[in-house]
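Then follow the chain from its lining to the annotated spans.

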Amino acid sequence: MLAFIQTGGFFMWPLMACSILTLAIILERFWTLRKKNVAPKGLLSEVMTRLRDDRMSLEYIRSMQAKTGLASIFAAGLLNSKHGRNSMKESVQEAASHVIHELERFMNTLGTIAAISPLLGLLGTVVGMIKVFSVLMESGAGNTALLAGGISEALLTTAAGLGVAIPALIFHRFFSRRIDELVVTMEQQSTKLIDSLHGDRDKTGAAQ
């Protein structure tokens with residue numbers, strides 16, 4: 001591996017760093033964006049059961065507030081539910097913006113890597129070809145060893161740049177799609193919670 005990097009020249013090192021960072025982000029995002037952590041399936045029913053049985057306590061709400069994802073959104077809404085629908089909705093939206101920000105962490109970095117890796121590879125290719133032409137100017141076409149070295153550097157950096165960029169782009173789109181799905185789920189669940197607490201009351205007030 002070290003010989004492979006050395007053959008590719010200087011630009012293999014930043015590409016190697018990009019590949020390590022990409023792998024770390026992918027593993028972290030897989031762990032963080034698990035649906036059971038962000039939007040647990042039975043959370044809404046559990047909250048509704050507690051509300052229906054009058055077992056909703058401040059301690060339980062605080063425990064949800066300490067968690068991430070949908071639980072923290074529910075906690076923000078429940079803490080402000082007594083101040084009316086609008087106040088509860090605003091609290092939910094504010095909490096949701098923080099949650100979405102956390103879900104999108106490192107996504108810009110992953111997208112940037114996907115964009116710059118081919119450019120780094122192309123830059124390495126250009127440098128390698130410059131070396132090839134320099135050898136041709138100085139020694140002619142007879143020095144095949146130096147020519148092969150420059151061509152190898154050019155080809156390796158190109159391949160390395162694409163090898164880093166392609167997985168980074170694939171997983172950037174994959175995680176973006178997963179985040180969109182989680183956001184839609186949290187919006188639906190939050191709306192159901194708000195409607196269950198204030199929907200009937202608002203309809204009664206509107207009818208009067």
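The lining of the largest pocket comprises six nonpolar, seven polar and four charged residues. Here Ala, Val, Leu, Ile, Met, Phe, Trp, Tyr, Cys and Pro count as nonpolar, Asp, Glu, Lys and Arg as charged, and the others, Gly among them, as polar. This is a predicted model: local features need pLDDT of at least 70, side-chain atom pairs count only at pLDDT 80 or more, and totals for chains, interfaces and linings use all residues. Residues are numbered from 1 along each chain as its sequence is written, and side-chain values use heavy atoms, with hydrogens and water left out.

The pocket has a volume of about 330 Å³. A pocket is an open set of points on a 1 Å grid over the protein atoms alone, where a 1.4 Å probe fits, with protein on both sides within 12 Å along at least five of seven lines; lining residues have an atom within 4 Å of a point. Lys67, Thr68, Gly69, Val99 and Glu102 lie nearest the centre of the largest pocket. Helix α7 gives the largest share of its lining, five residues. Helices are DSSP runs (H or I, at least four residues), numbered from the N terminus.

Serine 72 sits in α6. Serine 72 is buried because its relative accessibility is 15%, and buried means under 20% relative accessible area (1.4 Å probe, protein chains only). Beyond neighbours within four places in sequence, serine 72 is in contact with Met64, Gln65, Lys67, Ala95 and Val99. Contact means heavy atoms within 4.5 Å.

Residues 12–31 are 100% helix, with end C-alpha atoms 29 Å apart. For residues 110–133, also 100% helix, that distance is 35 Å.

Definitions and conventions. Points joined across faces, edges and corners; volume = space filled by probe spheres on them. Helix = DSSP H or I, 4+ residues; strand = E, 2+ residues; numbered from the N terminus. Buried < 20%, exposed > 50% of the residue type's maximum accessible area, 1.4 Å probe, protein only.
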